[in-house]
Amino acid sequence: MSLTASGFVVFLLSMPVVQGQEDWGVTYTSTEICAVKGSTVEISCSYTYPFTWKDVVNTVGKTFWCAENKDEEPVDLKTVSEYAGRVEDRCENNTCTLRIKNLRESDSAVYKFRFETKQDKYLGEPGVTLFVTDLQVHVSRSRPNTRLQCLSSCRPPGHTSYIWFKNGQKIKEDTSPYAEIAYDSADGYSCAVKGYEDFPSPSVLVHGQGSWGVTYTSTKICAVKASTVEINCSYTYPSILKGGFNRVQNKFWFTKWRGGERVDLTTESEYAGRVEDLCENNICTLRIKNLRESDSAEYMFRFTTNNGKYAGLPVTLSVTDLQVQVSRSGSDVNLQCLSSCPPGHTSYIWFKNGQEVKEDTSLYADFNYDSAESYTCALKGHEDFPSPSVYAPKLPSVSVSPSAEIEEGSSVTLTCSSDANPAANYTWYKENEDSPKASGQIFNITDFRAEHSGSYSCGAQNKLGRSNSTLHLSVVAGSSTMILNIIWTTPLVLILIPVFLVGLWMRKKKTISHPTTEAHEPEEIELDSDPVYENFRVTAAHGVKSSQMLT
């Protein structure tokens, strides 16, 4: 399957995402495109959707293309200022084409197609990765000729011809990207792809033996964070100048000036112990180890002789860290190995639980995903510098505050956390209820009542999977209820005490008012001990009753 872009005819394997008239789906013609800066590219796809959805006729209301933005809602490219006047979007019979003119290197991105119906919306995954490159001429010297190579920062397509220009005039056409020229030539050379001669590489001045010059192997380099990079160049200078021999006295690499002078990189504190500067036979190499993102800069080579000095144009180094991007299309999980700068044609290594499982030139992971495993990616040759792992949420940890007994009317806070990458989203459910109670790591329940008792579950979910934990909450009687009971009981006790005493007194009175005919000794009767009445005593005698308070 092929895709035509102004600048390249790209032959790539198509990767259908979803097909079928009864399914939601987007199928891209190609998933990776390499195009030349300044040219025009076309990205095409077809889409399907069910004719009826939720028992209603399903019709498409809106279609558009967007550039991937991880944390934001997709935005129609036609409304983005950076693409103003350069974007066309055409759709016919469920086939849509995005055309971008006057390509810039900043247009390198992942492009996706989205369509919306009255009932739903769909974003096509994994999208199409566009690399925008400018052509470069690489110079290497080997007597009696100098060899030129037409290079790009992304994989050049096969089955194409290269056009070579000398001082702006066409001199050669060949299917090979190489050209041989005389060693002592002192002319400007550039290259282009046949059919797109209007977008040639920058002209390179190939210096002869009697000229000043610095030629770099590459003018743009993308390297992985913590790895080692080498920047190479060769230099020339006149061996005789001003009637005498011209000899090199000093040479070094630099990135900055201090006090108007260029500063040797090996003397910079931030590069201490990480830089090597190697030169042999007019070929020099700068080696930087343990790369940091702060090492991203323009690097230049400079040499001085007893008669002059010369500095080459800069080499742009971009230091990136790899990351695995996760996307989901229905039940399918897609993993993509991404960096902040396109590394050019290379192979990607995929690891599952630290063990290599796949090597491919595609940056997509084409293997069965298991939610119980973790995945990383790396560039071939840099396997020791992989991306951070991505994995589904681990079993969540759930806590409750306060941790002691929950009193009725109090406030309760539930907290849930899970180890996951990408970070998990959290949802709270109560048993026997279909709708979620809350979302987020923290769930607050104010004025806790008996009806709040029960089992609560926290679900941690990302695009790779889901995990749940459950806890049970129950309520005990609160202090306010106990105080209320005491208040109502106290009056009742105070009422019953006098009633009891009156009844006891009447019982004793009745006994005294019915005496027998026999004489009795005075009888002493004591009431049951009571805190209030323990100082009272009643004395009964034949035909007489009296009461007195003892002191």
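In strand E33, the bridge partner of Ala297 is Leu317. This pairing belongs to a predicted model, in which local features need pLDDT of at least 70 and side-chain atom pairs count only at pLDDT 80 or more, while totals for chains, interfaces and linings use all residues. Residues are numbered from 1 along each chain as its sequence is written, and side-chain values use heavy atoms, with hydrogens and water left out. Strands (E, at least two residues) and helices (H or I, at least four residues) are DSSP runs, numbered from the N terminus, and two strands pair if DSSP finds at least two bridges between them.

**Strand E31 and its partners**

- Strands E31 and E33 run antiparallel and are joined by 3 bridges.
- Strand E26 also runs antiparallel to E31, and 6 bridges join the two; here Phe252 has Arg302 of E31 as its bridge partner.
- E31 pairs with strand E32 (residues 309-311) as well, in the antiparallel sense and over 3 bridges.
- Within that pairing, Arg302 stands opposite Ala311 in E32, and a hairpin of 3 residues joins E31 to E32.
- E31 is mostly covered, with 7 of its 9 residues buried; buried means under 20% relative accessible area, exposed means over 50%, and partly exposed lies in between (1.4 Å probe, protein chains only).

**Nonpolar cores**

- A nonpolar core is a set of buried Ala, Val, Leu, Ile, Met, Phe, Trp, Tyr and Cys residues joined through side-chain atoms within 4.5 Å.
- The largest such core has 26 residues, and those with the most contacts inside it are Tyr216, Trp253, Leu286, Ile288, Tyr299, Phe301 and Leu317.
- Two or more residues of this core come from each of the strands E21 (213-216), E22 (220-224), E23 (229-236), E26 (248-254), E30 (283-288), E31 (297-305) and E33 (315-320).
- A second, separate core of 25 residues includes Cys45, Tyr49, Ile100 and Val128.
- Leu317 touches Ile221, Ala223, Val229, Ile288, Leu291, Asp295, Ser296, Ala297 and Tyr299, leaving aside residues up to four places away in sequence; contact means heavy atoms within 4.5 Å.

**Disulfides**

- A search of the whole structure finds 5 disulfides, a disulfide being a pair of cysteine sulfur atoms within 2.5 Å.
- One of these joins Cys279 and Cys284, whose sulfur atoms are 1.9 Å apart; the torsion about its S-S bond is about 115°, so the link is right-handed.
- Cys279 is partly exposed at 33% relative accessibility, whereas Cys284 is buried at 0%.
- Another disulfide joins Cys337 and Cys377, with sulfur atoms 2.0 Å apart; at 75° about the S-S bond, this link is right-handed.
- Cys337 lies in strand E35 (residues 332-338) and Cys377 in strand E38 (residues 374-379), so the pair ties together parts that are 40 residues apart in sequence.
- Cys337 is buried, with a relative accessible area of 2%, and Cys377 is buried at 0%.
- Cys416 and Cys458 also form a disulfide, with sulfur atoms 2.0 Å apart; the torsion about the S-S bond is about -90°, so this disulfide is left-handed.
- This pair links distant parts of the chain, 42 residues apart, with Cys416 in strand E42 and Cys458 in strand E46 (residues 454-462).
- Cys416 is buried at 0% relative accessibility, and Cys458 is buried with a relative accessible area of 0%.

**Cysteines without a bond**

- The sulfur of Cys45 is 5.3 Å from the closest cysteine sulfur, that of Cys96, which is too far for a bond; Cys45 is buried at 3% relative accessible area.
- Cys233 is in no disulfide, and the nearest cysteine sulfur, in Cys284, is 5.1 Å away; Cys233 counts as buried at 3% relative accessibility.

- An open sheet of 3 strands has the order E40-E42-E45, with antiparallel pairing; its edge strands, each pairing on one side only, are E40 (397-401) and E45 (442-445).
- E42 (residues 412-417) pairs with E45 in the antiparallel sense over 4 bridges, and Thr415 stands opposite Ile442 in E45.
- Ser467 is placed in strand E47 (residues 465-473) and is buried, with a relative accessible area of 13%.
- Not counting residues up to four places away in sequence, Ser467 touches Pro393, Lys394, Leu395, Pro396, Cys458, Gly459 and Ala460.
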